[in-house]
Structure formats: C-alpha cells, structure tokens
Amino acid sequence: MHEKIHTGERPYSCKECGKCFIRHSYFIIHQRIHTECHKCFTSKPELVSHQRIHTGEKPFLCIECGKCFNSNKSLYRHRMSHTGERPFPCAQCGKSFTSRRNLNAHLRSHTGEKPFSCDQCGKFFTCKRNLQAHQRLHTGEKPFCCAACRMRFTNKPQLVRHQQAHIHHTTSVLKEDILMTVVDDQ
C-alpha cells in the first residue's frame with residue numbers, strides 16, 4: 001500500500017468525476033459526495049441537506065408559522081422574514097438583503113451585468129433563479145402546484161396570486177354562511 005505513494009499508482013477511479021484514489025476506503029468515502037442528479041458536495045452535511053430535496057424530507061420547523069425546511073440554514077434564512085433582519089446592505093443604495101446571494105444579484109442592477117443567458121433564445125438575466133424561471137416558458141414545466149385545486153404554475157408568484165383567489169373566495173363564502181346563519185336565527 002505504501003509503495004503506491006511512491007509509484008503514483010491510483011487504482012480506484014471515480015466514474016462520476018474521474019478522480020483517482022490510492023486506497024479503496026478513500027474511494028468509498030469520496031463516492032458519498034455524488035448524488036443521483038450528478039451534483040457534487042464537499043461535505044457530508046451539504047450532501048445530506050441536498051438529498052432532502054429529492055426525498056422531500058423537511059425536518060426543520062419554523063415555530064413562528066409552521067413552515068418546514070430541508071436544512072437548518074434554510075430555516076435560519078426564513079426566520080429573518082419574521083424578525084425583519086437583513087444583514088447584507090448594498091453600499092450603493094442602502095437596500096438590505098437576507099443573503100449575500102440576493103445582495104450580489106441586486107448589485108448587478110447597478111452595473112447592468114447579466115451573466116446568465118438562455119440557450120434557447122439568447123435572453124440575458126441578472127440571476128440564475130430568473131433564468132431558470134424563464135426557461136420553464138420554453139419547456140412548459142410547471143413545478144408550482146396549488147394544494148387546494150392541483151392547478152400548476154411556472155413560477156411561485158403566479159401560484160401565490162392564484163392561492164389568494166382561493167382565500168378571497170373562501171372568505172366570501174364564510175361571510176355568506178355567517179350572514180345566512182344570522183338571518184336564519186332571527
């Protein structure tokens with residue numbers, strides 16, 4: 001085994017990324033960083049957190065509103081929506097953000113930089129999230145689903161707007177039921 005260090009022999013090769021290892025045990029540990037979606041992670045906690053995206057497991061609960069998350073980091077970021085904390089201010093305009101990623105995307109609004117482009121139509125975007133939403137227009141994918149009626153949407157703002165219609169309708173129906181009850185009681 002020790003001789004392999006001197007000869008440079010690395011007989012255990014990862015089919016996913018091509019990295020080679022001297023010891024089989026190192027190779028086995030390395031394989032844990034790969035997922036079925038071919039994304040790689042440098043630490044086991046990051047991998048486990050990512051795998052929850054595929055399993056749908058969301059073990060981290062917000063005690064304020066009951067919403068669940070797949071990682072403690074996501075829960076922490078979410079809690080900022082309740083506290084109003086925005087620790088990442090823009091040096092140019094003073095607007096603050098809950099994450100460095102959101103701040104960086106905002107900074108591009110000052111520079112005009114649009115580094116993300118659609119391979120279908122060539123349109124450019126300031127952040128990857130907006131590009132991904134745009135690409136769903138080309139693919140027809142609708143990953144956002146209404147729990148009340150199962151209608152599907154290409155982006156979250158469309159879903160939220162739709163769900164507000166359910167809430168408005170439910171409120172109207174409840175008001176009618178209450179009024180009917182009051183009229184019946186008289």
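## Close-up views of a predicted model

**View 1. Thr 154 and its neighbours.** The side chains of Thr 154 and Gln 158 make a polar contact at 2.9 Å (a pair of N or O atoms within 3.5 Å; within protein, one must be able to donate a hydrogen and the other to accept it, and residues adjacent in sequence count only if both atoms are side-chain atoms). This is a predicted model, in which local features need pLDDT of at least 70 and side-chain atom pairs count only at pLDDT 80 or more, while totals for chains, interfaces and linings use all residues. Residues are numbered from 1 along each chain as its sequence is written, and side-chain values use heavy atoms, with hydrogens and water left out. Look for Thr 154 in the loop between S10 and H7; helices (H or I, at least four residues) and strands (E, at least two) are DSSP runs, numbered from the N terminus. Thr 154 counts as buried because its relative accessible area is 11% (buried means under 20%, exposed over 50%, partly exposed in between, with a 1.4 Å probe and protein chains only). Leaving aside residues up to four places away in sequence, Thr 154 touches Arg 136, Glu 141, Lys 142, Pro 143 and Phe 144, a contact being heavy atoms within 4.5 Å.

**View 2. Arg 150 and Met 151 in the loop between S9 and S10.** Arg 150 has a positive phi, near 70°, although it is a residue other than glycine. Arg 150 is exposed because its relative accessibility is 57%, and Met 151 is partly exposed because its value is 42%. Beyond residues up to four places away in sequence, Met 151 touches Phe 144, Cys 145, Cys 146 and His 162. The C-alpha atoms of Met 151 and His 162 lie 9.0 Å apart, with the two residues 11 places apart along the chain.

**View 3. Helix H6, residues 128-139.** From first C-alpha to last, the 12 residues of H6 reach 16 Å, close to the 16 Å expected (1.5 Å times one less than the number of residues). Its buried residues are Leu 131, His 134 and Arg 136, and they pack against strands S7 (116-117), S8 (124-125) and S9 (144-145). After H6 comes Gly 140, with a positive phi near 80°.

**View 4. Helix H3, residues 44-55.** The end C-alpha atoms of H3 are 16 Å apart, in agreement with the 16 Å that its 12 residues should span. Here Leu 47, Ser 49, His 50 and Arg 52 are the buried residues, and what covers them includes strand S3 (60-61). Gly 56 follows H3, and its phi is positive, near 85°.

**View 5. The largest pocket, with about 2400 Å³ of space.** On a 1 Å grid over the protein atoms alone, a pocket is an open set of points where a 1.4 Å probe fits, with protein on both sides within 12 Å along at least five of seven lines; lining residues have an atom within 4 Å of a point. Of its 46 lining residues, Asn 70, Ser 74, Arg 77, Arg 101 and Arg 129 lie nearest the centre. Elements giving two or more residues to the lining are H3, S4 (68-69), H4 (72-83), H5 (100-111), H6 and H7 (156-185). By class, the lining has 14 nonpolar, 16 polar and 16 charged residues.

Conventions:
Grid points are joined across faces, edges and corners, and a volume is the space filled by probe spheres set on the points. Ala, Val, Leu, Ile, Met, Phe, Trp, Tyr, Cys and Pro count as nonpolar, Asp, Glu, Lys and Arg as charged, and the others, Gly among them, as polar.
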